[in-house]
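Student: Could you take me through this model by asking, at each step, what a term rests on and how a value is set against it?

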Amino acid sequence: MLLQLINVEKTYSNFGIETVALNDINLSVNQGEFVSIMGPSGCGKSSLLNIMGLLDKPTKGEVIFLGDKVSQSNSSKRAFLRRNHIGFVFQSFNLIEELTIYENIELPLMYLKVSASERKKRVGELMERLHIAHKSNYFPQQISGGQQQRAAVARALISKPNLILADEPTGNLDSARGQEVMEMLVELNEEGTSVVMVTHSSTAAEYSQRIIHLFDGQLVTENLKRVTN
Amino acid sequence: MIRNYLTIATRNLYRFKLYSFINIFGLAIGIAFFTLLLLLIRHELSYDVHHDNAEKIFRITKFVERNSVVEKTASVPFPFGPSAEKFFPEYVKSTVRIFNFQVPSHAISRDTLRFNEPGFYFADESFFEVFDYPLAIGDTALALNKPNFVILSHKAAIKYFGEENPIGKKIIYEDRYPLTVTGVFAEKDYASHFDFDFIASFSTLNNMELDTETLVNNWKWDPCWTYVLLKQGKSPEDLEFLLNKLANKNSPDSYGENVNIFLQPITEIHLYSDLDFELSANSDVKYVYIFAVIAILILVVATINFTNLSSAKSSYRAREVGIRKAIGADKYDLVKQFLVEFLFISLLAIILAFILVELLLPTISDIAGSELGFNKLDTQILFYSVVISGLVIGTLASLYPAYYLSRYQPSEVLGGSIMLGLKSKRFRGILVIVQFTITIFLLITTYVTGGQFSYFKNANLGFSHKNVIMLSVSNSQARFSYDSIKNELEKLPNVMKVTGVEEIPGIGYRIHDYLPSIAFTGDRKNWVFVPSIMVRPDFIETFDVKVVAGRDFDRTENDEYKGVIVNEKMVEFLGYDHPEMALGKQLRSRGGDEKIIGVVNNFNFESLHHEIKPFVLDMPSRKFQAFFTKYIAVKVHPEHRYEALGDLKTVWSQFMPNRNFEYFFLSDKLQKMYFKERKLVRVSVYFSFVSILLACLGLFGLSSFIVDMRKKEIAIRKAIGTTNWSVVWLLLREFLLLVGLAVLIAWPLSYFVMENWLRSFPYRMQMDFKVYVNTAVIVFLVTVITVSYHTLKAAFKEPTEALQA
């Protein structure tokens, strides 16, 4: 098992008012699985994704990642796990504006202290594969949304993570570009990378093997969709 | 990775051009001015440290105290040095005497060149055993070993000999004594309390028709600045004790036991010594501390700018931090990244600071009245100071924003749930308050020091110094023809009155001993020390001193022998209730029995740094008239000062054809006494301007960020009908509140500091509340002007764009 959430709860406190974002979530993701999380706005999807991506700690409950209990690990440990095992794809792409496409994709490898020659080789190959090699020296704002999202996917992939967490990856794209990105995620998934995707779009969710519905911070249904090879 | 950091730093600098400019320029100004002050401080601390034996060289000084009047002289009698060497050989390695007849200048000529030289001194052959003033040409062992030898400064050599080699050539001293040049000092690259242009061999004095025997044995007159070089391991306190005994034994009986000898370390003279007959006007360690405080304040203001702008701008970097964290950067990676980035900015500021220092060095040297940055050591200090202060400010100023940035939670910044930039608002507010408190403090300092300086310049001294021209005749034959000169001068149309004086009124005096009648018992111990000046007739009219009782000196009354005039303080000191009672009372002097013939008002006979003390005006007996006539004071017509000057010159040439005309306006000379205050005023004007400039730069940058952060709020307010001016007020209010708080903190602080400073002067300006109000108004105005650019722009912008964002 890649990731397991046991009785996870998340509450936010603001000016003394407590808001429950997640309530008693039990969920596991296996290696090679493609899971979609759906639900209305404010149901806790992003909070769930943040906890699964070790960007946030649960208020209660346990998160087990690659067999380790990590829910209360310190920030360095969680950064280490993210660096080595998790890739993120965001709705708004979240590329660093001051870095070129090449430099954005290269960045995770720098934190992994990969040598310059190795970085050059891996980034080059990946960009070729995702058809953005010709945009290598462009800045994010100089290329189209689809290309930006492909660059974001490339950045998520470059460190060969076990898990890709995608937050509305098609939200800012037209249907054709959205489809391209979804096909790309499926392809990666088929190569063995686990994908957890938060989405509003049932079309996008159709690409996954399992759909989890979230409502008011609670897991309500789980549907099995696609069968892996 | 560093390359990645630098890449992103450069691109960010380019993207936020205004911010980058303000940050780099502000930091550079801070570093540059800090460095300039450091150079100034180092210069002040470097006096006389260049001597190899600096720690073992001491100047012998003499204090004589009686009835709370202390005569403190930087010089001692002729025999003091040689006796110290002779009697205490186990302590004294060597001594050297410096002598100049205690006159303001000496006539030096060569062919047609002729100048009055203030920097001429005679010195013992041991000059180079004690001091290390390097020679460019000549042999230190031979240059002063015979009579009529002289060494020239580099400057004097050029002045008299141009490109010629002066060695072996002659200059003429006082038109009579040829001196052979035996050496030239190297160009000056050190700072010393002793500034000279000519050092002649002491033995030259034997060839002059002086009463050398009387000089050699005279323990009363103190004309020699005398320095001892202590033997290794010997304590100055022990020698001081022995020298005290020597002085007590040899000084005249009347005050022998009142004499105290102090050994003054040569390196402390410039900053700690304020005695009579100093070789040159010294500075004061108090000002070094003040400069150090200003330097630190400037550094704080610059650091705050950097911190404030960087933390405000950090909100623009929050998303990047979130992304970097999501892809695996930990807190330390981010702190490292931002430190590298801020240090990079510091580096750019350092480069700019070098340029600024280069450009500003001459101005600051001029303001400080000291040549800064002239030697290798200063260049080194300059380099290290710029680099180190740059890196220190860079690091200090980066710590908070780096820490602050690295704490952003990716889940918050990527999800958009955080109010960007508002988190550090309170901290930034505190920094702005600190910055403005410093600025207001410096402004008030400028106001008060300026006020005190102008008080000194314009104070009523109780005598008239305007339109008085002083002719220096101390070292010339003219004083023997004083009466004829006076006659000739009084014939001139623009001359109103003429007198002769021993010291410059308002600046100097001598201490003489008197025996008042009420205490007259014949016992010498009842002699009292009283500051006094020997004057020639017409002193009172020349200087418009007010006679409150009795009369002026009268030639026909034999006042040279029988009459003295005292001030009101002296009347009090003698125990009389009012001036009339003192008239006719005996006041015995060394010259004989004298009586008080007049009482004058309490005028400031020395600088306003000192309270008025009892004082005596005395006329020298005929025998000593010439000796006591060092200056001729001429009161001229106020509207024809310069015509009068021309006429004086003609009369001067008539009586002293071989001597250059030497004069000064008394008012100018009096003002020069306040050179330390003048320096402080100039430094504080400059630095408070820098502080305002820095604070404004910071505020300008900060206002741009704050307006940007609140643009959505402004748009919403406008959408629901708020007027443009209400929006302006909304934004302005925040800054004015901060500045207002700074004013409230700075006022009592400045009052406390400045009131203490003023209290060190017996005569001082009145602190006016207006000073505080004015500074506050200036600061508020500057604030409004600075922040209005961005606030007006934001307030008058259509809200649609911001609402859509």
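Tutor: Let us begin with one pair of residues: Ile151(B) stands opposite Ile199(B) in E11(B).

Student: How do you know that E8(B) and strand E11 of chain B are paired, and in which direction do they run?

Tutor: Two strands pair if DSSP finds at least two bridges between them, and 3 bridges join E8(B) to strand E11 (residues 198-201) of chain B, therefore the two count as paired; they run antiparallel. Helices (H or I, at least four residues) and strands (E, at least two) are themselves DSSP runs, numbered from the N terminus. E8(B) is also joined by 4 bridges to strand E10 (residues 177-185) of chain B, with the two running parallel, and there Phe149(B) has Thr180(B) as its bridge partner.

Student: What kind of model is this, and how are its parts numbered?

Tutor: This is a predicted model, in which local features need pLDDT of at least 70 and side-chain atom pairs count only at pLDDT 80 or more, while totals for chains, interfaces and linings use all residues. Residues are numbered from 1 along each chain as its sequence is written, and chains are lettered from A and ligands numbered from 1 in the order in which they are written.

Student: What makes both faces of strand E8 of chain B count as covered?

Tutor: A residue is buried if 20 or more other C-beta atoms lie within 10 Å of its own, exposed if 12 or fewer, and partly exposed in between, with C-beta atoms placed from the backbone. In strand E8 (residues 149-152) of chain B, Phe149(B) and Ile151(B) on one side and Val150(B) and Leu152(B) on the other are all buried.

Student: Why is Leu334(B) called buried?

Tutor: Leu334(B), which lies in helix H11 (residues 331-368) of chain B, has 22 other C-beta atoms within 10 Å, and because the cut-off is 20 or more, Leu334(B) is buried. Not counting residues up to four places away in sequence, Leu334(B) touches Val321(B), Arg324(B), Ala329(B), Leu405(B) and Ser406(B), where contact requires C-beta atoms, placed from the backbone, within 7 Å.

Student: Why is chain A said to agree with a compact globule?

Tutor: The radius of gyration is taken over C-alpha atoms, and the globule rule is 2.2 Å times the number of residues to the power 0.38. For 229 residues a compact globule would have a value near 17 Å, and chain A has 17 Å, so the two agree. Of the 229 residues of chain A, 49% count as buried, and the C-alpha atoms fill a box of roughly 50 × 40 × 35 Å, taken along the principal axes.

Student: How confident is the predictor in chain A?

Tutor: On the pLDDT scale, which gives the predictor's confidence in each residue from 0 to 100, chain A averages 88, and 97% of the residues score at least 70. Within chain A, confidence is lowest in strand E10 (residues 218-224) of chain A, at a mean of 78, and highest in strand E4 (residues 60-65) of chain A, at 93.

Student: What makes up the contact between chain A and chain B?

Tutor: The contact takes 21 residues from chain A and 21 residues from chain B. The side of chain A that touches chain B divides into 10 nonpolar, 5 polar and 6 charged residues, where Ala, Val, Leu, Ile, Met, Phe, Trp, Tyr, Cys and Pro count as nonpolar, Asp, Glu, Lys and Arg as charged, and the others, Gly among them, as polar.

Technical notes: Contact = placed C-beta atoms within 7 Å.
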